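User: I'm new to this structure and would like to learn how to read it feature by feature. Could we start with how helices cross, please?

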Amino acid sequence: MSSVVLQQQTATASPQTRPSLAYNPALDGLRAVAIVLVILSHAHAPLFDGAFYGVDVFFVLSGFLISTLLLIELEGTGRLHYWRFCRRRLFRLTPALALFLGTYCLLAPSIWPGLDDVYQDALVSLLYLADYGIAFFDSPGTLLHMWSLSVEEHFYLLWPLTLALLVRWTAPGRRWRPIAALLLLAWAWRVLWVLRGQQFYEIFFRFDTRATGLLMGALLAALVREQPAWFIALRVRLSHGMWFVLAVPLLMAQTWDDMNVLAWGITVVECATVIVLMAVLQRRGTAYEALSAPALVWLGRMSYGIYLWHYPIVRLLRADQPWPVTVLLGLALSSALAALSYYTVERWALRWRDGTRRPTRPAQPALSAD
């Protein structure tokens, strides 16, 4: 753990303090790329049928950041403040979600008079049950994008305790191994359902079949902390791996219902995201400079709110507008509403969370997409 990257990226935790991460603007830039891909997908932009992969970028990033914070705490204090972790997640994510759902319940009946499941969809979303609700009960139908928030919430509830057990049962320096085993099992579990012929949407939306991205990020977090020899050698040759990232644009041609998405496409995007993360964690180079552009950084900070607001807006616009207008206007309106939420309700919630009177930026900005 003598890496300069680690010295810049992490801070130790004492029993009196919570773990924190040094801010890296390129991570927000990566969030911005992910949210733009998601909007392109929902706007039905041509040549971007596979832009739904943006959610997988969010998953890997969330798994990495959450696992890094948990590992700092577990290694620094020898224990895990599980309820403090859950409380912080609640204050970070739920106020913005409640504001969005409340607004949706007020306006949706007027905008779409034919909808008869507005309140049911909102309740399922608020309870973070949308992933299994969509997969098996077609609910919420009008808030389809809520599935990824449910996937991440299930991860937040289960992963801290799982990781604490892995840390207790595994020797230092080898904790990446059981995480890698879990990742392999999670991938095999998804492929099993593909081979069994289950419907695409029944596999695509569920936590148990979409946990690979979050576990991929968790594996990277453990590797960055532990620095096994093979990982150090891989980092030295990272420039060669950047070519692998160029495979992602080719996957944009994959369409909904293509089972190759589930079998290997998601895995390619997850691996490419890990490579980009490894590059930007060094805080130098082309990828870091590009993703640290101020416009991308701001967009990334707003990405959680943009994700919340964008789907109803894009759904309304795409009915009558061409896709370029839908993308640009949808992004602009979503960003404005996200900023309004961020600088009011979310800042208020963060003050309550941190016990301070002045608004503070969270150590680990949340999404999706965390």
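This is a predicted model: local features need pLDDT of at least 70, side-chain atom pairs count only at pLDDT 80 or more; totals for chains, interfaces and linings use all residues.

Analyst: The crossing of α3 and α7 is right-handed. Local features need pLDDT of at least 70 and side-chain atom pairs count only at pLDDT 80 or more, totals for chains, interfaces and linings use all residues, and side-chain values use heavy atoms, with hydrogens and water left out.

User: At what angle do α3 and α7 pack, and how far apart are their axes?

Analyst: In general, two packed helices are described by the angle between their axes and the distance between the axes. The axes are lines fitted to C-alpha atoms over the stretch in contact, and angles run from 0 to 180 degrees between N-to-C directions. Here α3 (residues 54–77) and α7 (residues 146–169) have axes 10 Å apart, at an angle of about 30 degrees. So α3 counts as roughly parallel to α7 (under 35 degrees is roughly parallel, over 145 roughly antiparallel, 65 to 115 roughly perpendicular, and the rest oblique).

User: Which residues of α3 and α7 make the contact?

Analyst: Contact means heavy atoms within 4.5 Å. On the α3 side, the residues include Phe 58, Phe 59, Ile 66 and Leu 70, and on the α7 side they include Trp 147, Phe 155, Tyr 156 and Trp 159. By class, this contact has 16 nonpolar, four polar and one charged residues (Ala, Val, Leu, Ile, Met, Phe, Trp, Tyr, Cys and Pro are nonpolar; Asp, Glu, Lys and Arg are charged; the others, Gly among them, are polar).

User: How do α2 and α3 pack?

Analyst: Their axes lie 7 Å apart at an angle of about 150 degrees. That makes α2 roughly antiparallel to α3. The crossing of α2 past α3 is left-handed. Leu 30, Ile 35 and Val 38 are among the α2 residues in the contact, with Val 55, Phe 58 and Leu 61 among those from α3. Sorted by class, the contact of α2 with α3 has 11 nonpolar residues, one polar and one charged.

User: And at what angle do α2 and α17 pack?

Analyst: About 75 degrees, with the axes of α2 and α17 (residues 294–301) 7 Å apart. The two are therefore roughly perpendicular to each other. Residues that meet include Asp 28, Arg 31 and Val 36 in α2, and Leu 296, Leu 299 and Arg 301 in α17. This contact has six nonpolar, two polar and three charged residues.

User: What should I look for in the backbone?

Analyst: Most residues other than glycine have a negative phi, and most peptide bonds are trans. In this model, Ser 139 and Pro 140 are joined by a cis peptide bond, with omega about 5 degrees. Pro 140 sits in the loop between α6 (130–137) and α7. Asp 257, not a glycine, has a positive phi of about 80 degrees, and it lies in the loop between α14 and α15. Arg 283 also has a positive phi, near 60 degrees, and belongs to the loop between α15 and α16.

User: How much space lies in the largest pocket?

Analyst: A pocket is an open set of points on a 1 Å grid over the protein atoms alone, where a 1.4 Å probe fits, with protein on both sides within 12 Å along at least five of seven lines; lining residues have an atom within 4 Å of a point. Points join across faces, edges and corners, and the volume is the space filled by probe spheres set on them. The largest pocket holds about 480 Å³. Of its 21 lining residues, Leu 30, Val 33, Val 245, Val 248 and Val 276 lie nearest the centre. Helices α2 (25–42), α13 (238–245), α14 (247–250), α15 (259–280) and α16 (286–291) each supply at least two lining residues. The lining has 19 nonpolar, two polar and no charged residues.

User: What lines the second largest pocket?

Analyst: There are 21 lining residues, with Ser 41, His 42, Phe 52, Leu 144 and Trp 256 nearest the centre. Two or more lining residues come from each of α2 and α18 (303–318), and α2 gives the largest share, four residues. The space is about 380 Å³, and the lining divides into 14 nonpolar, five polar and two charged residues.

How values were computed
Residues are numbered from 1 along each chain as its sequence is written. A crossing is left-handed if the near helix is turned anticlockwise from the far one by less than a right angle, and right-handed if clockwise.
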